[in-house]
Amino acid sequence: MSNDSLDGREKLIGWLLLIPALLVLALVFIYPIARAFWLSLFTENLGTQLQPEFSGLTNYLRMLGDGRFWQSMGNTAIFTIISVVLELILGLGIALVLNQSFRGRGVVRTIAIIPWALPTAVMGLAWAWIFNDQYGVVNDILQRLGVIDIGINWLGSPALAMTALIIADVWKTTPFISIILLAGLQSIPQDLYEAHAMDGANPWQSFSQITLPLLMPQILIALLFRFAQAFGVFDLVQVMTGGGPAGATETVSIYIYSTVMRYLDFGYGAALVVVTFLLLIAAVAITSLFLKRLRVS
Amino acid sequence: MSLTNFLIKITRFTAQKAKIYSFLLFIGLFLSLLPFSLLPVFSQQPVQIKTLMRADEAQQWQPLVNKFNQKYPHINLEVIEAPSDSNQVEDLYTASFLLGNSPYDLVYMDIVWTPKFAAAGWLLDLSDRLSEQEKDKFLTGDIQGGMYQGKLYRIPFRSDAGMLYYRQDLLAQAGYQPPETFDKLIQISQDLQQQGLAEWGYVWQGKQYEGLAAMFVEILEGHGAFWVDAETLEVGLDKPEAIKAVEFLRTTIEQKIAPPGVTTYAEDETRRLFQNGKAVFLRNWPYVYSSALNSPIAGKYSIKPMVHAVGQDSGATQGGWGLGISKSTKHPDAAWQVIEFFSSENSQREYILATGYVPSRTSLFNDPEIVAKYNYYPKLLSVVQNSALRPPIAQYAQASDILQRYLSAALTDRMSPEAAMKAAAEETRRLLRSK
């Protein structure tokens, strides 16, 4: 009996101690999301003199027929999937190299993270010039190699502009993945490899049977981080293409920015945020479920 | 008794052990009281009037700002420098109004922002401050562009309009008069290109951005078509005349009158082609005239209103900048004094002479001092008077984006002109219907 009440008191204290953290969570996560959801049920734009008017699910119905939203969603998905997969493959390769001991390893490790430390807007401007059709380095190299005669208008055609964006993003964020994976590699004990080698395993077998399974948690973390970041990409696209040509590189976050800041359509902007948020959560959940399955097998 | 004891103790304590502390306390007290003693002095200071504009233009404003502050000692006008990109200036204004308590008393705005800012309720109605008589002294298009739903929100400071530049020397050489119609422009271009007199016939702005919409308004107007009727909110983009307008632009690309890269060009790329003598015709804003004066084609070019279809009139897209008063300002009268000073004939003359921009007052186009420096201004007046407005609707930014995307798709051959304009018209109708 007294044991029980003591237990209860401890529980109570436990909850009391948790309250500050819960409050912070509520303030920075739950409140904004709930607020966006609430706002998405209203029409609040220039047509209503910026006064909110309850309109139920009108904003969501409008979204179904909004070709621009689905196009930007498609652009974002293509950008996210291709760039994250490339970054993971390259990042793993770089991490494996940096994990070897060689002279000057510390220096190389430092240099490797420089792209990631640069402000995105600055590096976006540089990449826009690299891909410039008249003065760009890329066209210059291709012309010198004799691959092309006239400069390619990289940022002027849909597929090429997306390619340029992905190249710039891969260059910038691969170091982030390799640093996370490098930390994971260093936590794998060397004796495992030695024992495995004594059993007659070749390097590929030890990579696929030891390195990869033991690295899975870090891969998962890196994937989730990058997935969420790439999905919300804004600055790089804004600086390099501004979403053009003909909306072919417009991402969801750029569309939301236009809707809220330029069109002053707050209700619809909030609905866009809510749907994007839910789709992102769903995508992350599916990915992590899939990867967990992979790990178990 | 106990109180005195206590006080004595305290005094002794401070005197003996905490001299330094008490000294610091005194200093602190003194410093904290200082602002109050200075307050009366501050309240006699001039009222602050702030505005925000692109850094490059803020520099050009400085001489007039100094003059104003000298002439009106009770007002202190301060121009805050913003990034040199109009979109970012618009964002800064928008953010300051959304957050409430905007620090800007005056809003220096592009003509296309006016309906949005007015509809959002961020601007003061200036209709009663400007008499009809004064109003008539400005260019009609500039005043019209400052109106929203019958009320005036913006007083024009400098004007802008699109026009056709042509190479006088090449036309004379081939024995042509400057063209009046679209067909003639195409014919002359092809002929001169075949004769090898110029590499390209006609260059225009085809990149997906606001300049594309501005350029297209002139082509629409010249075909007797329209974009959005601001009164009835009727959308005219899918009418046969509007589709013809798109087809004209496509023809210039297909017939190689315009270079293939024209669909990625903004104003400056086209200006360079024309200035380097590579094109016969150019659609652009007035700034090209002064900039081409120091180029290989100096003295060989002239301007005229945009061409039009047979039986139609030409239109020049109205641009330009003006001043509005923010609703949140505490000094609307002082702000109005700034507007009066800057939009006055004398200030505009000084500004135009220094910068080469276009005045918003009709009289200045024939002003002796201005004509002495820029002899083409009387000709400019005939262009500017044909002005066509981009639709003065609250949702202009969105309507313009819709048009830009579909027009860009039609120009780059991803959609047929009919399909693109039909889709653009339907999306615009949906936008205007939805509240």
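**Close-up views of chains A and B**

**View 1. The contact between chain A and chain B.** The contact takes 17 residues from chain A and 20 residues from chain B. On the chain A side, the residues that touch chain B divide into seven nonpolar, eight polar and two charged. This is a predicted model, and the views below show its close-up detail.

**View 2. Helices α8 and α10 of chain A pack against each other.** Helix α8(A) covers residues 158–186, and helix α10(A) covers residues 203–231. Their axes are 9 Å apart, and the packing angle is about 155°. Angles over 145 degrees count as roughly antiparallel. The two helices, α8(A) and α10(A), are therefore roughly antiparallel to each other. The crossing of α8(A) past α10(A) is right-handed. From α8(A), the contact uses A:D169, A:T173, A:I177, A:I180, A:L181, A:A183, A:G184 and A:L185. From α10(A), the partners are A:L215, A:Q218, A:I219, A:I221, A:A222, A:R226 and A:A230. By class, the contact of α8(A) with α10(A) has 10 nonpolar, three polar and two charged residues.

**View 3. Helix α3 of chain A also packs with α10(A).** Helix α3(A) spans residues 67–99. The angle between α3(A) and α10(A) is about 145°, with the axes 9 Å apart. Their crossing is right-handed. On α3(A), the residues in contact are A:T76, A:F79, A:T80, A:S83, A:V84, A:E87 and A:L88. They meet A:L223, A:R226, A:F227, A:A230 and A:F231 in α10(A). Seven nonpolar, three polar and two charged residues make up the contact of α3(A) with α10(A).

**View 4. An open sheet of four strands in chain B.** The strand order is β8-β9-β7-β10, and the pairing is mixed. At the edges lie β8(B), residues 200–203, and β10(B), residues 301–304. Each edge strand pairs on one side only. From one strand to the next, the twist averages 15°. Strand β7(B), residues 163–167, pairs with β10(B) in the antiparallel sense. Four bridges join β7(B) and β10(B). B:L164 stands opposite B:K304, a residue of β10(B).

**View 5. Helices on the sheet of chain B.** Helix α9(B), residues 182–194, packs on the sheet. It touches β8(B) and β9(B), the latter at residues 279–284. The direction of α9(B) makes about 145° with that of β8(B). Helix α12(B), residues 267–275, lies across β7, β8 and β9 of chain B. Helix α12(B) runs at about 150° to β9(B).

**View 6. Two domains of chain B and their contact.** The domain assignment gives domain 1 as 47–160 + 319–388. Domain 2 is 162–317 + 392–433. The C-alpha centres of domain 1 and domain 2 of chain B lie 28 Å apart. Each domain of chain B gives 20 residues to the contact. On the domain 1 side, α5 (114–119), β4 (147–148), α17 (377–384) and β13 (387–388) of chain B each supply at least two residues. The largest share of that side, five residues, comes from α17(B). The residues of domain 1 that touch domain 2 of chain B divide into 11 nonpolar, six polar and three charged.

Methods. Residues are numbered from 1 along each chain as its sequence is written. Chains are lettered from A and ligands numbered from 1 in the order in which they are written. This is a predicted model: local features need pLDDT of at least 70, side-chain atom pairs count only at pLDDT 80 or more; totals for chains, interfaces and linings use all residues. Two strands pair if DSSP finds at least two bridges between them. Axes are lines fitted to C-alpha atoms, for helices over the stretch in contact, and angles run from 0 to 180 degrees between N-to-C directions. Two residues are in contact if their C-beta atoms, placed from the backbone, lie within 7 Å. Angles under 35 degrees count as roughly parallel, over 145 as roughly antiparallel, 65 to 115 as roughly perpendicular and the rest as oblique. A crossing is left-handed if the near helix is turned anticlockwise from the far one by less than a right angle, and right-handed if clockwise. Ala, Val, Leu, Ile, Met, Phe, Trp, Tyr, Cys and Pro count as nonpolar, Asp, Glu, Lys and Arg as charged, and the others, Gly among them, as polar. Domain bounds come from an automatic or database domain assignment.
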